[in-house]
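Reader: I am new to this structure and would like to be walked through it. Could you show it to me first, and then take my questions one at a time?

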Amino acid sequence: MATAVADLSEDAIMAVLDKVMDPEIPVVSITDLGIVRAVTTDPPRVMITPTYTGCPATVAIEDAIREALDANGFRGVFVERQLFPPWTTEWISERGRERLRAYGIDPPHSNTTAQCPRCGSTDTVEISRFGSTPCKAQWQCNACHEPFDRFKCH
Ligand SMILES: [Zn+2]
């Protein structure tokens, strides 16, 4: 039996958020992406900065956070949006980058050429500015001929 109200602690809330996966890239959590900016218990709230303004995933992410908090007894914890400073790909954690690579997405980096997440080659070419979602571009590897998504840098 789950208790109605969980003990309020920043660690407990973070543990819940750590399991909320990005709706677009289900292998990375919202904490991996750096979307969660702060967790406080007084007042009880979670501050989030959405990845991309206008990205349809933003609403889905907020819904997923609300659902996870409610399901874990944190009904009284509010989810607040903090738009400034704007989210940057630099906030993606090292674990998040590894997870993206394992999933076949070239994590954000400052190189102009994408690196193939499958074979590691930098002999790659951009096929389309828009990949499976507006937040990614589609690239192809000339070495192993695999198409892959690349996170667009901001
Ligand atoms: Zn390759």
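**A guided look**

Author: Let's start with Arg150, whose place is in strand E7 (residues 147–151); strands here are DSSP runs of at least two residues, helices runs of at least four (H or I), and both are numbered from the N terminus. This is a predicted model, in which local features need pLDDT of at least 70 and side-chain atom pairs count only at pLDDT 80 or more, while totals for chains, interfaces and linings use all residues. Residues are numbered from 1 along each chain as its sequence is written, and side-chain values use heavy atoms, with hydrogens and water left out.

Reader: Is Arg150 buried or exposed?

Author: The terms come first: buried means under 20% relative accessible area, exposed over 50%, and partly exposed in between, with a 1.4 Å probe and protein chains only. Arg150 has 10% relative accessibility, so the word for Arg150 is buried.

Reader: Which backbone oxygen does the side chain of Arg150 reach?

Author: Contact means heavy atoms within 4.5 Å. Not counting residues up to four places away in sequence, Arg150 touches residues including Asp106, His109, Thr112 and Trp139. The backbone oxygen that its side chain reaches, at 2.6 Å, belongs to Asn111.

Reader: Over how many bridges do E6 and E7 pair?

Author: Two strands pair if DSSP finds at least two bridges between them. E4 and E7 pair in the parallel sense over two bridges, with Ile105 standing opposite Asp149. E6 and E7 pair in the antiparallel sense, and the number of bridges is five.

Reader: Which residue in the turn between E6 and E7 has a positive phi?

Author: E6 and E7 form a hairpin with five residues between them. In that turn, the residue with a positive phi, of about 65°, is His145.

Reader: What is the arrangement of the four donor atoms around the zinc ion?

Author: Donors are N, O and S atoms within 2.8 Å of the metal (3.2 Å for Na, K and Ca); water is not among the atoms, so sites may look incomplete. The zinc ion is coordinated at 2.3 Å by the SG atoms of Cys116, Cys119, Cys141 and Cys144. Four donors count as tetrahedral if all angles lie between 85 and 135 degrees. Here the angles are 105 to 118°, so the arrangement is tetrahedral.

Reader: How many residues apart in sequence are the parts that Cys119 and Cys141 tie together?

Author: The zinc donors follow the spacing C-x2-C-x21-C-x2-C. Cys119 lies in the loop between strand E4 (105–106) and strand E5 (124–128), and Cys141 in strand E6 (residues 136–141), so the parts that this pair ties together are apart by 22 residues.

Note on methods
Four donors count as tetrahedral if all angles lie between 85 and 135 degrees; four count as square planar and six as octahedral if opposite donors are over 155 degrees apart and all others between 65 and 115; anything else is irregular. A polar contact is a pair of N or O atoms within 3.5 Å; within protein, one must be able to donate a hydrogen and the other to accept it, and residues adjacent in sequence count only if both atoms are side-chain atoms.
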